[in-house]
Amino acid sequence: MILDGKAPTGPIEKSWDKHRFDMKLVNPANKRKFKILMVGTGLAGGAGAASLGELGYNVEAFCYQDSARRAHSIAAQGGINAAKNYPNDGDSIYRLFYDTIKGGDFRAREADVWRLAQVSNNIIDQCVAQGVPFARDYAGYLDNRSFGGAQVSRTFYARGQTGQQLLLGAYSALSRQVKAGTVKLHPRTEMVDLVVVDGVARGITVRNLITGKLESHWGDAVVLATGGYVNVFYLSTNAMGCSVTAAWKAAKKGAYFANPCYTQIHPTCIPQHGDKQSKLTLMSESLRNDGRCWVPKKKEDCDKAPGDIPEEDRDYYLERKYPSFGNLAPRDIASRAAKEQCDDERGVGPGKRGVYLDYQTAIDRVGESTIAERYGNLFEMYEKITDENAYQRPMRIYPAPHYSMGGLWVDYNCMSNVPGLFVLGEANFSVHGANRLGASALMQGLADGYFVIPYTIANYLAGITPGTIKEDHPAFKESVDQVEEDINKLLNINGKKTVSELHRELGKVMWEDAGMARSDASLKNALQRIPEIRDEFWNNVNVTGEAGEINQQLENAGRLADFLEFAEVFAKDALHREESCGGHFRTEHQTDDGEAMRDDENFAYVGAWEFKGVDKEPELHKEPLKFENVKLAVRSYK
Amino acid sequence: MHLTTSTVGRKVLMAVTGLLLVGFIIVHLLGNLSIFAGTEAINIYAEKLHSLGPVVWIFRAVMLALFAVHITFGIQLSMENSTASPEAYAIKKRQITTFSAESMIYTGVILLVFVVYHLLHFTMHVVHTDATDAINTLVNGRPDVYSMVKLSFEKAFVSLVYIAAMFALFFHLGHGLSSFVQTLGFNNGPSQSKVIAVGKLVAVVFLIGYAMIPFVFLVGIK
Amino acid sequence: MNLTLHVWRQKGPQDKGKLETYQVKGVSEDQSFLEMLDDLNEDLIKGGKDPVAFDHDCREGICGMCSQVINGKAHGGQERTTVCQLHMRSFNDGDEIFIEPWRARAFPIQKDLIVDRNALEVVMQSGGYTSCHTGGVADGNAILIPKPDADYAMDAAECIGCGACVASCPNSSAMLYTSAKVAQLAVLPQGKGEAKARVKNMTEAMLDEGFGNCTNHYECQEACPKGINVKFIAKLNREYMKSMV
């Protein structure tokens with residue numbers, strides 16, 4: 001089936017404005033009759049719930065953490081982009097739009113990206129009004145820095161904690177609405193099923209993580225803002241609780257999953273230290289503004305102390321390969337380059353999966369105190385984890401799974417193919433194409449939450465009658481029964497392996513066979529291994545405890561069960577996409593010097609998968625991508 | 001009234017009444033120290049005070065009010081605070097707080113008991129009458145306060161009680177003095193450690209100043 | 001290294017808890033404290049026992065989920081460090097480690113080391129925001145905020161809402177948490193309009209939720225994994241007094 005993204009036609013500069021006018025509105029007096037369920041309270045969900053509540057809708061928001069403020073958006077460090085052009089260095093909405101399309105390796109929908117660039121400016125204003133303490137200069141003006149390979153300074157930041165401050169801004173707006181009674185919060189509550197009646201999303205089934213009780217909630221619209229799925233790799237920079245569960249439950253009820261193979265492997269993470277590690281820690285990409293990446297030229301130097309390796313024996317591989325962007329090359333490119341060096345057996349540190357990020361040149365140039373001022377908190381964090389002082393010896397870094405560009409398929413209105421089901425932020429696939437640029441995830445989350453969903457949801461709600469189906473509809477009971485059955489099944493396997501052992505096994509397969517570089521053979525191997533692990537999970541997992549209590553093993557088991565189904569679709573998507581683009585690198589499709597080779601003729605489309613059941617082939621639906629404003633070109637950072 | 005019900009309001013009341021009480025003990029200490037200026041000085045000072053008539057009573061009324069406020073809210077806040085933290089840790093390590101800070105309510109109660117005792121002793125002359133009878137003797141036409149003090153403090157028990165009470169005062173002020181600075185909002189971060197140090201120093205001054213009097217009589221230096 | 005752990009086990013909110021002793025072996029010094037607990041849990045599961053329930057999420061010191069009192073100190077007592085960032089190299093072979101939940105009337109224990117911190121939410125909902133509407137706000141540069149003020153606000157805004165201040169306070173007061181938000185918004189022009197109502201409502205909510213009063217012990221500042229300074233409490237006090245006049 002050919003999918004229609006319903007993007008507005010006509011000049012792109014007017015597309016969002018025109019669309020806003022064309023959309024239907026909901027009468028203010030009627031708004032409170034519509035109940036909207038918001039799942040997830042990060043940047044997209046928190047901002048969305050607050051904005052919808054303020055508009056007068058009856059909003060209920062759900063999160064698995066004990067507070068809406070703890071969503072993983074909080075961990076974003078670097079910054080948020082906006083086309084304000086405050087530094088007068090040539091930025092514009094058009095340039096931000098262009099950079100994002102190009103950075104995404106031409107695999108995003110143009111109109112969505114334009115809208116993102118357009119509302120980016122409103123986001124900054126909104127956050128400032130909320131009291132977000134962005135960095136300022138002495139006169140009091142907002143400060144900008146360049147970030148993640150952009151050639152203009154368009155990134156706004158709040159020390160190394162921009163995500164935290166933006167999320168706390170959204171959280172404060174949400175708290176205000178909770179106080180006003182327009183939003184009801186359900187913390188420590190996990191969505192475990194989507195309720196669909198006659199093809200329309202009508203509500204959700206949730207598990208109260210404190211009491212273990214399954215609850216039904218009806219809604220005139222269900223909005224998922226449930227983040228990404230890179231914990232499918234087990235080790236990632238995501239929080240331990242991040243999962244594909246909400247999105248996958250929707251996929252099992254008919255929502256298409258788009259481009260699951262587009263995952264971002266972030267270049268500047270702290271290397272893995274041992275097999276007991278539970279997660280990887282990211283350090284802001286801003287570190288590459290002043291740090292230089294290198295590995296020894298000779299294999300035999302790898303065990304030497306970095307200081308003992310003379311300058312001429314160091315390979316500053318990013319500067320060598322990409323003279324114009326150098327150490328600021330985009331994430332996918334920098335990550336792959338690091339992997340190449342380590343595959344060439346020139347990696348450093350324990351396990352030889354690491355490269356140096358060296359500050360010596362910068363320290364010599366601007367002094368240690370300036371470096372400390374810029375990155376002090378990151379150096380401190382690095383020392384806490386590795387017990388090494390990065391002022392004295394270069395940091396060791398290695399790429400780690402960080403972000404998922406893929407997600408549930410949505411049209412221009414952020415609505416999935418299931419009417420009434422909307423998807424925001426990282427959970428949808430829309431704007432980042434095959435690779436996300438630095439400082440644009442925060443932008444997307446807040447754009448969707450503050451400035452997109454409040455308009456587009458009205459267009460849907462205006463066409464339906466509120467409250468026609470409530471919890472007494474048999475579909476809700478069916479859903480609860482199904483979930484209960486699954487939970488009982490999990491609790492009664494009483495096998496030998498723990499949930500985390502099996503998750504590690506899955507992660508290892510995904511990382512090795514479907515990670516930074518994928519081949520036909522590796523993906524086929526993954527497609528063989530994943531069902532095996534899944535079978536073992538359902539026959540040999542040991543989930544302790546009971547259903548009716550706090551049971552973290554049960555929570556993890558449920559999430560892993562979904563990853564085990566999702567991983568297969570992920571690998572199938574990667575296998576079918578016979579090209580390299582952005583975060584998806586197929587070793588068969590590269591240029592002679594190892595750069596990604598896109599195939600625009602055959603793959604300039606969104607691949608949206610319809611799940612048909614475990615052990616059944618998912619069906620691929622395509623949404624062709626048209627590029628009318630940005631010319632398709634080879635993405636070069638040389 | 002927010003002042004008497006809110007957490008900050010009551011804290012401010014504690015600080016302000018505490019500060020005024022400190023004002024009182026400064027004056028009291030200065031008066032007391034006249035004992036070192038010869039036998040006449042303190043007698044002159046005492047006579048002067050008594051000649052003020054109604055002013056003394058107004059002063060006493062104000063003092064009583066200050067005490068009442070300070071004590072009432074001190075007890076009330078302490079009770080609330082212990083309700084707020086009902087269950088103790090199996091192991092709890094104090095990181096920066098001091099014995100002074102943790103014992104405020106206890107040193108406060110000790111001081112209350114002491115003040116009552118002190119009033120019964122030197123103001124109302126109901127206890128230790130053998131010593132306080134000296135006040136009925138006139139020296140140069142004035143009541144002999146000096147002898148009353150001397151005879152009292154030559155009793156080891158009395159001196160030791162007074163000195164012990166002054167240690168309670170020391171601990172109370174050790175936290176109280178810097179605390180009122182914080183409570184009234186004068187802390188910009190870097191100033192905090194200095195304020196705490198000065199607070200402790202002043203508490204030491206009070207300890208030495210007050211405890212010296214019974215001490216010198218006890219050991220017979222005077 | 002091998003360690004002896006004394007962990008607070010409590011089945012549910014109504015149950016009586018107690019410290020249970022466990023041995024963990026072969027702990028690597030590169031492991032984080034929570035990874036050491038993961039190990040313990042794997043052992044417990046394999047031995048057919050109920051694993052220890054504890055809150056954690058981001059494991060990089062920013063979400064504020066982790067919450068344990070280790071050997072009598074909230075978050076283990078290492079400067080500017082959450083439990084998840086605490087590494088086993090801070091411990092020695094043979095150490096005995098006591099692990100307890102946050103204890104305060106306002107934080108009822110749910111299970112083992114997990115407590116209910118909803119009281120902190122209520123405090124925030126009572127006024128920890130500026131009442132701006134989505135859309136219809138001024139340009140970000142229309143309000144000038146000199147760097148020192150922006151920095152001051154940022155220092156306060158670093159709070160991660162973990163509750164270590166409450167857990168370490170002898171009075172179980174949430175004053176540092178409350179003051180961080182009050183001070184952040186009081187120094188910014190955007191927050192000044194509602195400053196009076198905010199400080200009144202938030203401190204009132206704090207007391208209503210069962211937290212104690214601040215008596216200037218400053219334990220909170222020592223325990224705070226983000227180094228929030230008690231000068232913000234002084235600022236709150238000033239703001240409160242301003243609100244009374």
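1. A polar contact is a pair of N or O atoms within 3.5 Å, and within protein one of them must be able to donate a hydrogen and the other to accept it. In this predicted model, that rule finds 55 residue pairs in polar contact across the interface of chain A and chain C, with both residues of each pair at pLDDT 80 or more.

2. The extent of the interface may be described next. On the chain A side 75 residues take part, and they touch 77 residues of chain C. About 6,500 Å² is buried between chain A and chain C, and carbon and sulfur atoms give 48% of that area. Arg70(A), Arg159(A) and Lys384(A) supply 11% of the area that chain A buries against chain C, more than any other three residues.

3. Charged pairs also occur at this interface. The count between chain A and chain C is twelve salt bridges. One of these joins Lys46(C) to Glu501(A), with the closest N and O atoms 2.5 Å apart. Several helices of chain A each supply at least two residues of the side that touches chain C, among them H3 (43-55), H11 (368-386) and H12 (441-461). Helix H6 of chain A gives the most to that side, with nine residues. By residue type, the side of chain A that touches chain C divides into 26 nonpolar, 28 polar and 21 charged residues.

4. Within chain A, the domain assignment gives domain 1 (265-401) and domain 2 (474-613). The contact between them takes 14 residues from domain 1 of chain A and eleven residues from domain 2 of chain A. Taken over C-alpha atoms, the centres of the two domains are separated by 30 Å. The area buried between domain 1 and domain 2 of chain A is about 930 Å², of which carbon and sulfur atoms give 57%. On the side of domain 1, Ile265(A), Arg336(A) and Lys339(A) lose the most area to domain 2, together 49% of what that side buries.

5. Which kinds of pair link the two domains of chain A? The count of salt bridges between domain 1 and domain 2 is zero, whereas the rule finds four residue pairs in polar contact across their interface. Helix H9 (331-343) and strand E15 (395-404) of chain A each supply at least two residues of the side of domain 1 that touches domain 2. H9(A) gives the most to that side, with five residues. The residues of that side of domain 1 of chain A divide into five nonpolar, two polar and seven charged.

6. Helix H7 (residues 245-252) of chain A is mostly covered, as seven of its eight residues are buried. Among the buried residues are Trp248(A) and Lys249(A). The buried residues of H7(A) pack against several elements of chain A, including strand E6 (189-197), strand E9 (221-224) and helix H16 (552-576). Just after H7(A), Gly254(A) takes a positive phi of about 115°.

7. Phe106(A) has a positive phi near 55° and lies in the loop between helix H4 (93-103) and helix H5 (110-130) of chain A. Asn494(A) has a positive phi near 50° and lies in the loop between helix H13 (474-491) and helix H14 (499-514) of chain A.

8. Are these two residues buried or exposed? Phe106(A) counts as buried because its relative accessibility is 1%, under the cut-off of 20%. Asn494(A) is exposed because its relative accessible area is 53%, over the cut-off of 50%.

How values were computed: Residues are numbered from 1 along each chain as its sequence is written. Chains are lettered from A and ligands numbered from 1 in the order in which they are written. This is a predicted model: local features need pLDDT of at least 70, side-chain atom pairs count only at pLDDT 80 or more; totals for chains, interfaces and linings use all residues. Side-chain values use heavy atoms; hydrogens and water are left out. Domain bounds come from an automatic or database domain assignment. Contact means heavy atoms within 4.5 Å. Buried area is the accessible area (1.4 Å probe) that two parts lose on being put together, summed over both. A salt bridge is a side-chain nitrogen of Lys or Arg within 4 Å of a carboxyl oxygen of Asp or Glu. A polar contact is a pair of N or O atoms within 3.5 Å; within protein, one must be able to donate a hydrogen and the other to accept it, and residues adjacent in sequence count only if both atoms are side-chain atoms. Helices (H or I, at least four residues) and strands (E, at least two) are DSSP runs, numbered from the N terminus. Ala, Val, Leu, Ile, Met, Phe, Trp, Tyr, Cys and Pro count as nonpolar, Asp, Glu, Lys and Arg as charged, and the others, Gly among them, as polar. Buried means under 20% relative accessible area, exposed over 50%, partly exposed in between (1.4 Å probe, protein chains only).
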